[in-house]
Amino acid sequence: MDFFDRFAVPHPSFLIYASMVGIGLTMLAIVVGITYFKKWGYLWREWITTVDHKRIGIMYLLTALLMLFRGGVDGIMMRYQLSMPENTFLDSQHYNEVFTTHGVVMILFMAMPFIIFFFNYLVPLQIGARDVAFPRLNALSFWLFFMGMGLFNLSFIIGGSPDAGWTSYFPLAGNEFSTSVGTNYYMIAIQIAGIGTLMTGINFITTILKMRAPGMTLMKMPMFTWSAFIANVIIVFAFPVLTVLLAMGTMDRLFGTNFFTTDNGGMDMLWANLFWVWGHPEVYILILPAFGLYSEIIPTFARRNLYGYKSMVASMVIISVLSFLVWAHHFFTMGQGPFANSIFSITTMAIAIPTGVKIFNWLFTLWKGKIEFTTPMLYSVLFIPLFTLGGVTGVMLAMSAADYQYHNTMFLVAHFHNVIIPGVVYAMLAGLTFYWPKIFGFMLNERLGKWTAWILSVGFVLAFIPMYITGLDGQARRMYTYSESTGFSLLNMVSFVGAAVMAIAFVLLVYNIYYSIRYSPRNIGSDPWDARSLEWATHTPVPEYNFAITPQVASTQAFWDSKKNGHELYKGDIEKIHMPNNSGLPFIMSCIFFVFGFALVFSIWPVVIVSLIGILACLAYRSFEKDHGRYISVEEIKETETRLRGAKK
Amino acid sequence: MKLKMKWILLTMVITISTVLTACEPLLVLDPKGPQAKTQADDIMLSIWLMLGIVIVVLAILVFVLLKYRASKQPKDYEPPHIEGSPIVEAICIGIPIIIVIFLSIVSVKSNYEVEATPVGYEDQEPLVIYASSSNWKWHFSYPEEDIETVNYLYIPEDRAIEFKLYSYGPITSFWIPQLGGQKYAMSDMITTLHLAADQPGEFMGRNANFSGAGFAENTFEVTAMSPAEYEEWVEEVHETASPLTEEKFEELLEPGHLGRSTYTGTHLEFAPPPEHDHGSANTDGEEDSDLEGHEEHDAHNAEEHSNH
């Protein structure tokens with residue numbers, strides 16, 4: 001193939017060209033806008049080089065929201081394509097690319113940054129810390145993740161998107177059957193983003209273990225911090241598998257090794273096994289922090305302490321262990337025999353037990369409470385029944401003999417959307433609405449927020465419940481078309497309508513943000529929800545150093561007890577605070593990673609070598625760099641404190 | 001607002017149960033063979049059990065939301081601090097454990113059923129059919145009859161069928177919903193699927209595992225017929241069909257869609273299936289391909305693969 005031919009999109013269509021133009025114009029508008037308002041310096045100083053966990057968190061949030069809409073458009077396109085039999089809106093190749101990128105984008109570039117946003121923003125605040133354990137590593141984590149995301153999204157305008165499904169099973173994803181560079185993008189972009197995530201995991205485990213405020217024993221940590229801790233432990237155990245897996249896959253594609261291809265003893269199901277050894281725990285990396293958020297929101301608006309704190313913690317620990325013991329349930333149909341299937345069937349069903357404990361604990365938290373239906377609470381109470389439905393269909397899928405009928409069908413698609421959307425997406429939206437005032441200093445409009453939650457739920461039910469039925473009627477997943485005679489058309493049309501309704505909800509969310517930026521009152525104080533944990537005990541907006549005086553913790557709901565039971569949070573005087581310096585190095589190094597990745601995708605070896613040297617040079621530079629951070633003086637802190645206290649009143 | 005939610009959820013539950021039970025049967029829930037029957041029974045059992053759980057959770061939720069919402073309570077009501085109760089939590093753990101144990105027993109029992117010769121057919125020799133996929137076709141080899149078909153399958157009713165599945169290319173999944181659940185067909189090993197049709201009829205069969213551009217149309221038709229009709233068909237094929245040559249087979253393997261076609265002879269002679277064709281299996285000194293002694297090999301395969 002000619003050198004330049006590889007950069008062309010192999011299966012162009014009007015839609016792709018239109019998006020190219022759209023992306024081009026948007027980029028241009030952004031660059032022109034930043035230049036016009038002379039914001040480049042501000043961007044560099046305040047955001048790109050920042051090591052502040054709150055700002056890094058916000059950048060994760062922006063990425064996640066952006067990707068939510070990219071993945072959402074993919075979803076709508078798929079549902080529209082399937083809404084009618086023999087639809088010709090997308091051809092088979094384009095549909096395959098769309099569902100592949102929908103899956104990758106939604107799991108890895110939407111849900112993951114969304115939870116990492118919460119880790120970043122909340123964990124240090126909840127444990128009364130100034131920052132994470134390794135602030136600069138945190139910046140590097142973000143920028144690597146961001147560059148991975150960028151590289152992946154580049155695929156659909158340069159060289160072609162991956163088209164082998166988000167699970168990318170070999171040999172389909174091998175060179176023989178997947179000839180464009182799409183799968184190279186998959187391997188390398190996820191690799192770069194995954195390294196960032198792995199470092200996030202190490203960073204937060206250290207932060208949570210070493211940087212808790214005095215008095216905060218492990219069993220006094222807020223539930224979200226517990227969930228973040230366990231999720232990060234899972235990250236550290238699971239992501240290395242992904243790293244190795246993608247490295248092997250990359251070698252198969254670029255260097256002609258035979259790990260997963262069918263010649264020379266390569267084993268295709270080895271990919272599937274390793275993929276799900278990472279992939280199944282990944283599900284719990286996403287859902288446990290979501291559980292953590294619900295465990296913050298439900299007690300706050302039930303005006304009661306969380307019921308069964310200890311069993312909540314225990315259930316999360318058990319789930320994290322079990323999450324590594326069930327991966328083979330993703331391929332009961334591999335022919336591994338009834339004995340292995342039985343083992344994995346039982347371990348999978350066993351996860352329902354700790355999960356059930358959590359559901360009941362939330363229900364008992366509502367019991368004898370004084371329940372207020374704010375927007376975050378509305379998401380939480382809608383989550384309980386919808387997630388239960390998703391959970392029980394998971395138990396159905398776990399029965400391996402019956403799974404022979406569900407496997408690879410729309411029933412499965414319905415199930416995992418039924419856990420991921422009410423589980424993760426609702427939690428993210430609930431958490432976003434809940435923490436929005438802490439982050440930005442004003443509330444999102446409640447009325448619009450409730451409308452969003454309701455419309456989203458109606459759309460969700462319409463979009464995904466019909467899939468259970470078409471699945472049982474023999475509709476396989478990933479089919480780009482079907483004939484009239486199958487009888488799938490009515491339910492698929494309902495599904496499309498549901499997807500459209502969900503789209504309305506997301507548009508309403510954007511409108512809500514716009515509306516609230518313009519019209520919401522700004523004098524809301526630092527604790528607008530009358531909340532319970534430490535993150536609400538500091539000012540809004542949160543000062544750079546989080547807490548002027550490190551709080552003293554005596555219970556699981558430190559802030560609540562300080563408000564109601566006279567626990568004293570702040571003892572002693574203000575002292576000078578040590579903070580890390582900003583650094584451009586993480587960003588620069590990640591940019592080189594991006595070039596490295598891009599060159600690797602297209603096998604441009606000279607550039608690969610040069611950028612690899614660049615990366616090593618960055619590492620070497622860092623190891624000789626002397627940077628001891630800086631101190632914020634007592635006067636400066638006092639001044640900030642007075643100003644913020646003034647703003648509150 | 002709160003009432004609306006209740007109604008939406010109730011409608012949802014009712015819709016699911018009515019659609020699943022009242023309307024014309026869904027393929028998976030309309031079994032035409034013993035294996036599919038086992039699976040359909042498991043599915044219905046689990047649907048009812050799970051529906052019960054959903055309803056209980058929903059009922060508790062609606063009850064607490066209605067009873068304990070702020071607007072229903074006196075202004076000065078201070079919710080109590082409750083750490084948790086061992087008895088309540090024991091119940092919340094105990095009942096799910098019982099349910100999971102029950103379902104595990106059902107699941108394990110069914111596992112062994114669907115992985116063996118169908119119940120009621122144990123005494124007869126199963127009809128062995130090699131089903132292999134290539135982009136995006138299905139090749140069915142009948143070694144006993146010395147016949148090969150493409151994209152359609154004729155089987156005698158009331159006879160156990162033992163499918164030997166493998167693939168020329170990506171992983172595919174052989175699935176005839178009304179006869180039984182699917183199993184992967186892979187290029188580096190053979191998997192075995194036991195099915196049987198207990199009545200004549202025409203059934204949909206397809207590849208259920210995504211295998212690239214032509215995946216959606218990767219289907220085949222299955223016709224179950226009386227043994228006499230089946231014998232007639234076999235004879236007819238021997239009289240009318242042309243033999244399958246190696247060149248012809250290579251041609252058939254080319255990616256693309258084809259209609260139905262029929263041949264005498266099978267590709268098993270010149271293109272042996274990947275029995276013991278990968279990795280460790282070659283080193284343990286067993287002979288490569290043995291079409292008759294497949295049963296021991298299966299046991300061996302199962303054991304070997306569960307270790308991976």
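1. In this predicted model, the side chains of K109(B) and E113(B) form a salt bridge, with an N to O distance of 3.4 Å. Both residues sit in helix 3 of chain B, which spans residues 86–114. They are four residues apart, about one turn of the helix.

2. How exposed are the two partners? K109(B) has 56% relative accessibility and counts as exposed. E113(B), at 22%, is partly exposed.

3. Helix 3 of chain B also matters for the contact with chain A: of the side of chain B that touches chain A, helix 3 gives the largest share, 16 residues. Other elements of chain B that each supply at least two residues to this side include helix 1 (2–21), helix 2 (34–67) and helix 6 (294–306).

4. How many residues meet across the interface? On chain B, 94 residues are in contact with 96 residues of chain A. The two chains bury about 8,100 Å² between them. Carbon and sulfur atoms account for 71% of that area.

5. By class, the side of chain B that touches chain A holds 56 nonpolar, 26 polar and twelve charged residues. Between chain B and chain A, the salt bridge count is zero. Polar contacts are found there, however: 33 residue pairs, both residues at pLDDT 80 or more.

6. Over all chains, the structure holds 18 salt bridges. One of them joins E625(A) and R136(A), at 2.9 Å from N to O. E625(A) lies in the loop between helix 19 (605–624) and strand 2 (630–632) of chain A, and R136(A) lies in helix 5 (residues 135–154), so the pair ties together parts that are 489 residues apart in sequence.

7. R136(A) has a further partner. Its salt bridge with D627(A) has its closest N and O atoms 3.0 Å apart. This pair also links distant parts of chain A: R136(A) in helix 5 and D627(A) in the loop between helix 19 and strand 2, 491 residues apart.

8. Is R136(A) buried or exposed? R136(A) counts as buried, because its relative accessibility of 13% is under the 20% cut-off.

Notes:
Residues numbered from 1 in each chain as written. Chains lettered and ligands numbered in written order. Predicted model: local features only at pLDDT ≥ 70, side-chain atom pairs only at ≥ 80, totals over all residues. Heavy atoms only, no water. Salt bridge = Lys/Arg side-chain N within 4 Å of Asp/Glu carboxyl O. Buried < 20%, exposed > 50% of the residue type's maximum accessible area, 1.4 Å probe, protein only. Contact = heavy atoms within 4.5 Å. Buried area = accessible area lost by both parts, 1.4 Å probe. Polar contact = N/O pair within 3.5 Å; in protein donor to acceptor, adjacent residues only side chain to side chain. Nonpolar A, V, L, I, M, F, W, Y, C, P; charged D, E, K, R; others polar.
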